[in-house]
Amino acid sequence: TFFGIGEAVKELWNGKAVSREGWNGKGQFLRLQIPGPNSGMSLPYVYITTVGGDRVPWLASQTDLLAIDWRVV
């Protein structure tokens, strides 16, 4: 089942990982990180796990915001 960015954000807040069918790098996904007491961050943020397994902060593009091919992975 595919959905838009609004549902993708809800799924992130529910602890799920999400991905887009249209991404070129298969196996990439997003997760929400809630900072803990020992974190250098003070607010929640979204990160992407890349094909190579690296984790980096993620920002949505216009295409990502308007896509309807989001899914839970």
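## Overall fold

With 73 residues, a compact globule would have a radius of gyration near 11 Å; the protein chain has 12 Å, which agrees. The model is predicted. Its C-alpha trace spans about 35 × 25 × 20 Å along the principal axes.

The protein chain holds two helices and five strands. From the N terminus on, these elements run α-β-β-β-β-α-β. Among contacts between residues at least 6 apart in sequence, 46% join residues at least 24 apart.

## Surface and interior

Buried residues make up 29% of the 73 residues. The protein chain exposes about 5000 Å². Carbon and sulfur atoms supply 56% of that area.

## Helix α1

Helix α1 covers residues 5–13. Ala-8, Glu-11 and Leu-12 are buried in α1. Seen down the helix axis, the buried residues of α1 fall within an arc of 100°, so they line one face. An α-helix has 3.6 residues a turn, so residues three or four places apart point the same way.

What lies over this buried side? The cover on the buried residues of α1 includes β1 (18–20), β2 (29–33), β3 and β5 (70–72). The face turned away from the buried side carries the exposed residues Lys-10 and Trp-13. After α1 comes Gly-15, with a positive phi near 85°.

## A nonpolar surface patch

Trp-13 also belongs to a nonpolar patch on the surface, along with Val-9 and Ile-34. Together the three residues have about 310 Å² of accessible area. Ile-34 sits in the loop between β2 and β3. Ile-34 has a relative accessible area of 47%, so this residue counts as partly exposed.

Thr-1 lies in the segment before α1. Thr-1 has a relative accessible area of 87%; the cut-off for exposed is over 50%, so Thr-1 is exposed. Not counting residues up to four places away in sequence, Thr-1 touches Trp-70 and Arg-71. Thr-1 and Pro-44 are 43 residues apart in sequence. In space, their C-alpha atoms are 26 Å apart.

Thr-49 is in strand β3, which runs over residues 45–49. Thr-49 has a relative accessible area of 8%; buried means under 20%, so Thr-49 is buried. Leaving aside neighbours within four places in sequence, Thr-49 is in contact with Gly-27, Gln-28, Phe-29, Asp-54 and Arg-55.

Definitions and conventions. Residues are numbered from 1 along each chain as its sequence is written. This is a predicted model: local features need pLDDT of at least 70, side-chain atom pairs count only at pLDDT 80 or more; totals for chains, interfaces and linings use all residues. Side-chain values use heavy atoms; hydrogens and water are left out. Helices (H or I, at least four residues) and strands (E, at least two) are DSSP runs, numbered from the N terminus. Buried means under 20% relative accessible area, exposed over 50%, partly exposed in between (1.4 Å probe, protein chains only). Contact means heavy atoms within 4.5 Å. The arc is that of the directions from the helix axis to the C-beta atoms. Patches are made of residues with over 30% relative accessible area and no salt bridge: like charges are joined within 9 Å, nonpolar side chains (Val, Leu, Ile, Met, Phe, Trp, Tyr) within 5 Å. Accessible areas come from the Shrake-Rupley method with a 1.4 Å probe; for residues, only the protein chains shown count as cover. A salt bridge is a side-chain nitrogen of Lys or Arg within 4 Å of a carboxyl oxygen of Asp or Glu. The radius of gyration is taken over C-alpha atoms; the globule rule is 2.2 Å times the number of residues to the power 0.38.
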